[in-house]
Amino acid sequence: MTALLVFIISLISGFVITTTGFGYAIVMMAILPMFFTVGTSNALTIVGAMPALMLSLYKCRKNIRIKKIFFPMIFSCTAAVFGLVFFQ
């Protein structure tokens, strides 16, 4: 039942990101904390967003300038890990 709930919320979030181009995490984090803790919701949102982000990265790999995104990428990864650890 829990997996089905997460799947349905993720499906709704996927529809939002497909139509608008952003908002997956906004929808997930607006709904999931009603059913799970904030830490669990954060982890589910990050894990759910990874396939779409990796697909976008793969499609745009030829146009990515690593030097421009290196520090924001490091900060983002650090903040994601910190958020997962802090909210546990």
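This report walks through a predicted model of a protein chain, from its overall build down to a few residues.

## Ground rules

Residues are numbered from 1 along each chain as its sequence is written, and side-chain values use heavy atoms, with hydrogens and water left out. Since the model is predicted, local features need pLDDT of at least 70 and side-chain atom pairs count only at pLDDT 80 or more, while totals for chains, interfaces and linings use all residues.

## The overall picture

The protein chain has 4 helices and 0 strands, running α-α-α-α from the N terminus on. Helices here are DSSP runs of H or I with at least four residues, strands are E runs of at least two, and both are numbered from the N terminus. Along the principal axes, the C-alpha atoms fill a box of roughly 45 × 30 × 20 Å.

Of the 88 residues, 16% count as buried; buried means under 20% relative accessible area, exposed over 50%, and partly exposed in between (1.4 Å probe, protein chains only). The accessible surface comes to about 6900 Å², with 77% of that belonging to carbon and sulfur atoms. Areas like this come from the Shrake-Rupley method with a 1.4 Å probe, and for residues only the protein chains shown count as cover.

## Helix H1

Phe7 sits in helix H1, residues 2-20. Together with Met1, Leu4, Ile8, Leu11 and Ile12, Phe7 forms a nonpolar surface patch with about 670 Å² of accessible area.

Leaving aside neighbours within four places in sequence, Val16 is in contact (heavy atoms within 4.5 Å) with Gly21, Phe22, Gly23 and Val27. The C-alpha atoms of Val16 and Val27 are separated by 8.0 Å.

## Helix H3

Helix H3 covers residues 38-59 and reaches 32 Å from its first C-alpha to its last, close to the 32 Å expected at 1.5 Å a residue. That expected span is 1.5 Å times one less than the number of residues. H3 bends by about 35° at Met50, and Pro51 follows within four residues; the bend is the angle between axes fitted to the seven residues ending there and the seven starting there.

The buried residues of H3 are Gly39, Ser41, Asn42, Thr45 and Ala49, and they pack against helix H2 (24-31) and helix H4 (66-86). Ser41 counts as buried because its relative accessibility is 0%. Not counting residues up to four places away in sequence, Ser41 touches Met29, Leu32, Pro33 and Phe36.

Note on methods
Patches are made of residues with over 30% relative accessible area and no salt bridge: like charges are joined within 9 Å, nonpolar side chains (Val, Leu, Ile, Met, Phe, Trp, Tyr) within 5 Å. A salt bridge is a side-chain nitrogen of Lys or Arg within 4 Å of a carboxyl oxygen of Asp or Glu.
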